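Dear colleague,

I am passing on the structure below, and my notes on it follow. Please read them with the model open beside you.

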Amino acid sequence: MTSEELLAVLAAVGHAQRLRILTELSGGRLYVSELARRLGISRPLLYMHLERLEKAGLVTGNLELSDDGKALKYFELAPFDLRVNIDTILAAVRADGAVDDAAPSERAGGEAPRPTDGA
């Protein structure tokens, strides 16, 4: 995962409406109109949030035809396990090629800076 991909995931889950969408989809796949009704938001706004979640790889959407010939867009959760710690961040930045494997204090050529008391 690159830092751009990590930021996309963090941005996707960093919004209350998108967390509500993930919660609703945890019960199984839903078509957009039903999901919009459950959440009490407009379909255009829902599509904006779903696009962000889909880009981050957290949901997937599929267009299907109903028995009466109507096109319905269904969304469901994609399998994901989100863990963020310093190792996740370092791996993402390394995937960008922006950081070498040395620890910050080693790159600086000595000890890491110590906090001061402001004096």
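**Strand pairing and packing**

In the sheet, Tyr31 stands opposite Tyr74 of β3, where strands, like helices, are DSSP runs numbered from the N terminus (E, at least two residues, for strands; H or I, at least four residues, for helices). This is a predicted model, so local features need pLDDT of at least 70 and side-chain atom pairs count only at pLDDT 80 or more, while totals for chains, interfaces and linings use all residues. Residues are numbered from 1 along each chain as its sequence is written, and side-chain values use heavy atoms, with hydrogens and water left out.

Strand β1 (residues 30-31) pairs with β3 (residues 71-77) in the antiparallel sense over 2 bridges, pairing being assigned if DSSP finds at least two bridges between two strands. Strand β2 (residues 59-65) is joined to β3 by 7 bridges, and these two also run antiparallel; here Glu64 stands opposite Leu72. The hairpin of β2 and β3 has 5 residues between the strands, and in it Gly69 takes a positive phi near 90 degrees.

Taken together, 3 strands form an open antiparallel sheet in the order β1-β3-β2. Because β1 and β2 stand at the edges with a single partner strand each, one side of each is left without a neighbour in the sheet. Helix α4 packs on this sheet, touching β2 and β3, and its direction makes about 120 degrees with that of β2 (angles run from 0 to 180 degrees between N-to-C directions, and axes are lines fitted to C-alpha atoms, for helices over the stretch in contact).

Leaving aside neighbours within four places in sequence, Leu25 is in contact (heavy atoms within 4.5 Å) with Leu30, Leu35, Val59, Phe75, Glu76 and Leu77.

Helices α2 and α3 pack at an angle of about 120 degrees, with their axes 11 Å apart. Arg20, Ile21, Glu24 and Leu25 of α2 make this contact with Leu35, Arg38 and Leu39 of α3.
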